[in-house]
Amino acid sequence: MATFGTDAERGISLAEPRDFFALLKPRVMSLVVLTAITGLLSAPGAIHPTLGAIAILSIALGAGAAGALNMWYDADIDAVMTRTARRPIPTGRVTPDAALAFGMAMSGLAVMLLGLAVNWFAAGLLAFTIFFYAVIYTMWLKRWTPQNIVIGGAAGAFPPMIGWAAVTGTVSIESVTLFLLIFLWTPPHFWALALFKMRDYGSAGVPMLPNVAGEAATRFQILLYSLILVPVGLAPTFLGFAGPIYGAVALVLGANFLRLAFATYRMKDGDKEMRPAKKLFGFSILYLFALFLTLLVGAVATRLGWPGLV
């Protein structure tokens, strides 16, 4: 008997290796790797370079696994949003079953590798992070509350803490500070995006803050979180695990972040171009990358015997 329909409709995967790589959300993974390495090298104590590399690989694989599970569950949303419509599942290049299997296998591999090679405390944090992002955020918060980004942002904030735990087997005020830096950065970053992507989120039925509370309330929340974020960005210098160069970088970048947040706050309702929000969104990525890159340089300098330089 003849079988009709496209290969994708018959459940046949058309995926190439690059499609599975896309499931890992490589741009997000690059930030995860940077922050995890920063946490690992900033931690007191030593870790064998091979074990350190395995720890970072495990964290990267865990982040990619969470991304794949997110794309599997959110395929219906991704299909109607212009920003995500070309992802592998909505286009039919990867079947949902293949994405689910891929994400689950990667999750297990990442957690077991980190636990067996490094320590089980760090592995437990990684397992919790994957669960939090894939289940708590993706399956529950994202479709239920406009505070989805605030609470769900914790998932993206754990990597430096996991890197720290890979060395020390525990957490500390320093690793919590790195966690808070990403956690508090997430709302203004994503709400700036949500302002100029309101139609997409509205079409997908995702209750992002601008769609639920309105533009004015969102702009106020962006400014509020930015005012809290910038002092936290300076905290590593005051806590003594970053030097004056980092403090100067954090001060300059933080001042510009606040300038853009205030410009976004002053936007008018119905602004079609939303240039301040777009500028804030773009700069927020640079802000976080620059802070963690500076912290990383300082951590490397300390391990090379030049403490307090950066």
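**Exercise 1. Determine whether Asp74 is buried or exposed, and find the partner of its side chain.**

Solution. Asp74 has a relative accessible area of 0% and is therefore buried, where buried means under 20% relative accessible area, exposed over 50% and partly exposed in between, with a 1.4 Å probe and protein chains only. The structure is a predicted model, in which local features need pLDDT of at least 70 and side-chain atom pairs count only at pLDDT 80 or more, while totals for chains, interfaces and linings use all residues. Residues are numbered from 1 along each chain as its sequence is written, and side-chain values use heavy atoms, with hydrogens and water left out.

The next step is the partner: the side chain of Asp74 meets that of Lys142 in a salt bridge, at 2.7 Å from N to O. Asp74 is in the loop between helix H3 (49–73) and helix H4 (75–80), whereas Lys142 is in helix H6 (residues 120–144), so the pair ties together parts that are 68 residues apart in sequence. A salt bridge here is a side-chain nitrogen of Lys or Arg within 4 Å of a carboxyl oxygen of Asp or Glu, and helices are DSSP runs of H or I with at least four residues, numbered from the N terminus. Lys142 also counts as buried, at 12% relative accessibility. Finally, Asp74 and Lys142 belong to a network of salt bridges that also links Asp76 and Arg143.

**Exercise 2. Check the span of helix H13, and work out which side of H13 is buried.**

Solution. Begin with the span: the 22 residues of H13 (residues 244–265), at 1.5 Å a residue, should span 32 Å, and the end C-alpha atoms are 31 Å apart, which agrees; the expected span is 1.5 Å times one less than the number of residues.

Then list the buried residues of H13, which are Tyr246, Gly247, Ala250, Leu253, Gly254, Phe257, Leu260, Ala261 and Thr264. They cover an arc of only 155° around the axis, which puts them on the same side of H13, the arc being that of the directions from the helix axis to the C-beta atoms. On the other side of H13, Pro244, Leu251, Val252 and Arg259 are exposed. The cover over the buried residues of H13 includes helices H9 (173–196), H12 (215–239) and H14 (275–303).

**Exercise 3. Identify the residues of the nonpolar patch on the surface, and say which helix supplies its largest share.**

Solution. The patch is formed by Phe220, Leu224, Ile228, Phe262 and Tyr265, which together have about 450 Å² of accessible area. H12 and H13 each supply at least two of the patch residues, and the largest share, three residues, comes from H12. Ile228 lies in helix H12 and is partly exposed, with a relative accessible area of 41%. Patches are made of residues with over 30% relative accessible area and no salt bridge, with like charges joined within 9 Å and nonpolar side chains (Val, Leu, Ile, Met, Phe, Trp, Tyr) within 5 Å; accessible areas come from the Shrake-Rupley method with a 1.4 Å probe, and for residues only the protein chains shown count as cover.

Technical notes: Contact = heavy atoms within 4.5 Å.
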